Amino acid sequence: MCADHVFPRHTRVDLPVVVAGDGAWLIDANGKKYLDGCGGAAVSCLGHSAKPVLDAVKQQQDTISYAHTSFFTSEPAEKLADKLIELAPDNMERVYFVSGGSEATESAIKLARQYFLEIGQPERKHIIARKQSYHGNTLGALSAGGNMWRKAQFEPLMVPSMVHIDACHYWRFAEPGEGEFDYGQRVANQLEEMIQQLGPQNVAAFIAEPIVGATMGAVPPVEGYYDRIQEICKEHGVLLIMDEVMVGCGRTGKYFASEHYNIKPDMICIAKGIAAGIQPLAAMLCSAEIYRAIKDGSGFFQHGHTYLAHPSACAAGLAVLEEIESRNLLERVTELGAKLEAGLQKAFGQHPHVGDIRGKGLFWGLELVTDRQSKSPFDPKLGIAGRAKKAAFARGLMIYPMGGTIDGKSGDHILLAPPFIYEDEHIDMLIERLALALDDVFAEQQIAS
Ligand code: PMP
């Protein structure tokens with residue numbers, strides 16, 4: 001098979017050709033099997049052969065595979081929207097279906113701007129986001145993100161009205177002796193300070209991930225952080241956008257990760273697991289208030305893409321939700337997550353180069369450090385996380401790496417986001433292979449240093 005005409009992201013890397021998927025496994029053209037420990041990028045929540053979803057897509061394609069949303073809605077889109085609204089925090093009213101996470105966050109940012117135009121507050125243009133965050137790779141979403149590695153070479157970005165406050169990452173950024181709660185209040189209060197600096201009348205929205213994903217490696221907020229954030233947003237009429245592209249759709253044991261922290265956002269973005277990677281699908285949910293402002297105002301969200309609410313993609317999304325419900329997969333995520341956490345703590349809790357193990361449900365991060373005491377990151381030039389990915393891949397395990405290039409402060413980490421359909425033994429296998437891979441990397445590293 002020829003793999004020479006596809007433009008890969010890393011042009012100096014040869015990739016194996018994937019030919020099959022079977023539950024938790026992917027298989028390449030040479031017959032080598034890889035245990036999926038990260039769902040690609042937290043996407044393949046049902047593994048790689050979810051027949052009910054594949055059947056639902058085929059059936060939809062036999063019925064009507066595509067119809068433009070300026071002419072028609074479709075049954076799978078309507079049914080999936082109903083289900084998502086049923087599951088979402090109770091102020092959510094409408095669902096806007098797009099094809100990927102960046103499209104979802106771009107939609108939310110534009111809708112925030114349009115909402116304020118519709119209600120006669122056109123000065124509200126600023127969007128506040130957080131450092132070390134990621135909201136997508138298109139230029140608007142990239143501007144919102146605070147991942148310097150991804151955005152630096154494209155500066156100046158196109159959206160000048162984006163500003164950033166600190167992330168909430170106690171283990172990495174707290175002052176010596178500072179308690180968790182106090183730290184959370186201090187960094188949340190930066191939102192208040194930023195709003196005051198910009199003038200509350202000029203601020204449209206605050207966007208953040210409830211649990212930070214790839215950029216920092218599965219970092220949950222500390223207690224009280226989101227209570228304070230919500231208080232501040234409410235007080236100043238600033239919209240709260242939760243980017244659940246990575247952590248939504250059951251990944252953390254609840255369908256929406258916001259539920260863990262009692263967050264009632266004005267908009268929520270989901271993607272990745274919504275259609276389990278079987279079709280490209282994402283969604284932006286918005287509150288009744290926002291929807292009504294558009295409906296009673298211009299009546300038209302000034303946005304759109306060719307593949308909005310694609311019927312075959314929505315059919316996949318609906319079938320994924322049915323699988324999650326009928327197989328009690330949210331409970332299973334919590335159960336497997338507890339096993340994964342215990343296993344990671346046992347295998348790596350005292351590992352000299354694993355500084356922190358954190359996460360929720362089936363979403364876990366390991367931060368790699370030169371030594372546990374100093375928490376010092378490795379020199380980014382060593383590419384430790386990338387080497388770990390390579391070593392794990394050689395041992396038949398997929399993990400998601402992120403390099404230590406974040407403002408020079410945070411370090412390499414590995415993200416784990418296995419499918420919800422894992423058997424218990426897959427967790428053991430993942431940990432065993434990961435331990436061997438890290439041994440490979442640090443043996444090499446000692447020789448090199
Ligand atoms: N937001 C978050 C939190 C993400 O993790 C990602 C993708 N990793 C995106 C947005 C962008 O999604 P996509 O790659 O589907 O455009």
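**Helix pairs, domains and the ligand shell**

Let me start with a contact between two helices, where Pro52, Val53, Ala56, Val57, Gln60 and Gln61 in H2 meet Pro311, Ser312, Ala315, Ala316, Leu318, Ala319, Val320 and Glu323 in H11. By class, this contact of H2 with H11 has 10 nonpolar, 3 polar and 1 charged residues. Please keep in mind throughout that what you are looking at is a predicted model.

How are these two helices arranged? Helix H2, residues 51-63, and helix H11, residues 311-326, pack at an angle of about 150 degrees, and their axes are 8 Å apart. Angles over 145 degrees count as roughly antiparallel, and H2 and H11 are therefore roughly antiparallel to each other. As for handedness, H2 passes H11 in a right-handed crossing.

Stepping back to the overall layout, the protein is divided into domain 1, which covers 18-49 together with 328-448, and domain 2, which covers 53-326. Taken over C-alpha atoms, the centres of the two domains are separated by 26 Å, and 34 residues of domain 1 are in contact with 34 residues of domain 2. On the side of domain 1 that touches domain 2, at least two residues each come from helix H1 (39-42), helix H12 (329-348), and the strands S11 (354-360), S12 (363-368), S14 (400-402) and S15 (413-416). H12 gives the largest share of that side, with 5 residues. Sorted by class, the side of domain 1 that touches domain 2 has 18 nonpolar, 11 polar and 5 charged residues.

Now to the ligand. Which residues are closest to the ligand? Of the 16 residues that surround it, the closest are Gly100, Gly101, Ser102, Gly136 and Val245. The shell around the ligand has 6 nonpolar, 8 polar and 2 charged residues, and its largest share, 3 residues, comes from helix H4, residues 101-118.

H4 and helix H10, residues 288-296, pack at an angle of about 60 degrees, with their axes 9 Å apart, and that makes H4 oblique to H10. The crossing in which H4 passes H10 is left-handed.

One further pair is helix H8, residues 180-198, and helix H9, residues 225-236, whose axes come within 8 Å and cross at roughly 15 degrees. That angle makes H8 roughly parallel to H9, and the crossing of the two is right-handed. On the H8 side, the contact is made by Gly184, Gln185, Ala188, Asn189, Leu191, Glu192 and Ile195, and on the H9 side by Tyr225, Arg228, Ile229, Ile232 and His236. By class, the contact of H8 with H9 has 6 nonpolar, 4 polar and 2 charged residues.

Finally, there are two backbone details in loops. The peptide bond from Glu155 to Pro156 is cis, with omega near -5 degrees, and Pro156 is found in the loop between helix H6 (148-151) and strand S6 (162-165). Asn262, although it is not a glycine, has a positive phi of about 55 degrees, and this residue lies in the loop between strand S8 (239-244) and strand S9 (267-270).

How values were computed. Residues are numbered from 1 along each chain as its sequence is written. This is a predicted model: local features need pLDDT of at least 70, side-chain atom pairs count only at pLDDT 80 or more; totals for chains, interfaces and linings use all residues. Domain bounds come from an automatic or database domain assignment. Two residues are in contact if their C-beta atoms, placed from the backbone, lie within 7 Å. Helices (H or I, at least four residues) and strands (E, at least two) are DSSP runs, numbered from the N terminus. Ala, Val, Leu, Ile, Met, Phe, Trp, Tyr, Cys and Pro count as nonpolar, Asp, Glu, Lys and Arg as charged, and the others, Gly among them, as polar. Axes are lines fitted to C-alpha atoms, for helices over the stretch in contact, and angles run from 0 to 180 degrees between N-to-C directions. Angles under 35 degrees count as roughly parallel, over 145 as roughly antiparallel, 65 to 115 as roughly perpendicular and the rest as oblique. A crossing is left-handed if the near helix is turned anticlockwise from the far one by less than a right angle, and right-handed if clockwise. A residue is near a molecule or strand if its C-beta atom, placed from the backbone, lies within 6 Å of it.
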